[in-house]
Amino acid sequence: MNFSIDWNLACLRENPFAISPPTDPKQTTWAGLKELKGEFKSVFREAKASAPTQVILCRGSIGGGKTHASVFFSSDKNIPETSPSVQNIEVLRVQTPTETGNPAKDFYLDVMEQIGLERIGEAVDKTVKSVGRNVVEQNLRQTMVSGDFVKALLDLGSSPIDGGAGSWLNAYFLGKCTTTELRKLRLNRNIEKTQDYFRVLAGVFRCLTGLSDSTDVTDHNRFCLWIDEMENFIYFTPPQYRPFGQGLRELVDRLPYFFTLFMNFTLTAPEEYEEIELILGGYLTDRITRQIFFHEVKDQEELLQYVRELLAHYRTEGKPKPPYFPFTEDALRALLSNLQRGTPRDVNKRCRNALMRAFEKRIFEKGEDSAITPKFVQEMSQEELDKEIG
């Protein structure tokens, strides 16, 4: 059957019930779940107003909103103001590696390429001009240990990345230098061990946060690294995931100030924390400063609030509509009963499927006040309500 999908007929700008979050932080909205949002705001207030490093474990059911939270709080406009405050706060989102060859290297390259060598070089140059080369060199040596890594990072700050030494440095940080290239750079070895990758990242992050000896928040930036889908490590072997967990621990230990690490885990078994501890290692889980749980929502009023706020965000201008339009309140209550899981994704799936079915039946073409009714919901099968979205 041919039918058209015109969201204006439902008094909406577009589909409010996406199954996956947008990739652009500017396109995300937060609906309902006020307590959860408040927990994140508390984390970011602390991040902006104090120096110590934070390690935040985010865990809960699939579809609970962990990825959405990472995208939403990647936008400056969604991070609360504080006074005093760091100069700037940045959130970098990165996926857990899925290849089983060398996850630490894949992770390192992903982070470095997202930041960009040119920007890293500019940060190094800026901090050298701010506090002096000797201070930068001394502080980086404490963080990175290797004199080669420190020299290469300092050279990155004084060399254009195109041509000559810049090209060799590009290969040094993102690939592998030949013996001849190492000699020309006056370096002894490449970056190639798990420990190397995380020590270089620690040095890069310190340059981005500022290398002043002061711990005054107004003298620094804060860098937040948000790692998503860390449950992927359950498909790896211990020799693959253990060095990664040890690397994260070293990263945290080498960045005692102005660094925040978020880790998203989707594990629903009762023994989930034991699995997390197995993957990360006890030494890293001991460093967790806060856990944020993405609980399934059991209260129907809270689910209704989530849908109401989502609809309000996507509502078109014009004649005022009831808060749950294009649903009646009773229809929405019927739709949200007997959910498999009380997660945003399950709610979105049900509401999206009901809307698609309504467009197919041309419900909204019957008049401007036509809405999805309890009778319509009753006529939909359970399979239609919960089917996977292709």
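User: Which residue in β4 stands opposite Cys58?

Analyst: Some ground rules come before the answer. This is a predicted model, where local features need pLDDT of at least 70, side-chain atom pairs count only at pLDDT 80 or more, and totals for chains, interfaces and linings use all residues. Residues are numbered from 1 along each chain as its sequence is written, and side-chain values use heavy atoms, leaving out hydrogens and water. Now the general idea: strands of a sheet pair through backbone hydrogen bonds, either parallel or antiparallel. Here, Cys58 stands opposite Asn264 in β4. Strand β1 (residues 54-60) and strand β4 (residues 259-265) pair in the parallel sense over 6 bridges. Two strands count as paired if DSSP finds at least two bridges between them. Helices (H or I, at least four residues) and strands (E, at least two) are DSSP runs, numbered from the N terminus.

User: What is the strand order in the sheet?

Analyst: The open sheet has 5 strands in the order β2-β3-β4-β1-β5, with parallel pairing. Its edge strands are β2 (89-95) and β5, each pairing on one side only. β1 joins β5 (residues 290-294) through 5 bridges. There, Ile56 stands opposite Arg290.

User: Which way do the residues of β1 point?

Analyst: In a regular strand the side chains alternate between the two faces of the sheet. In β1, Gln54, Ile56, Cys58 and Gly60 point one way. Val55, Leu57 and Arg59 point the other way. All are buried, meaning under 20% relative accessible area with a 1.4 Å probe, protein chains only.

User: At what angle do α4 and α6 pack?

Analyst: Two packed helices are described by the angle between their axes and the distance between the axes. Axes are lines fitted to C-alpha atoms, for helices over the stretch in contact, and angles run from 0 to 180 degrees between N-to-C directions. Helix α4 (residues 117-131) and helix α6 (residues 147-158) pack at about 95°, with axes 7 Å apart. That makes α4 roughly perpendicular to α6 (65 to 115 degrees; under 35 is roughly parallel, over 145 roughly antiparallel, the rest oblique). The contact (heavy atoms within 4.5 Å) includes Ile120 and Val124 of α4 and Leu153 of α6.

User: How far apart are the axes of α5 and α6?

Analyst: They are 9 Å apart, and helix α5 (residues 133-144) packs against α6 at about 135°. The two helices are therefore oblique to each other. Among the residues that meet are Val136 and Leu140 in α5, and Phe149 and Leu153 in α6.

Conventions. Buried < 20%, exposed > 50% of the residue type's maximum accessible area, 1.4 Å probe, protein only.
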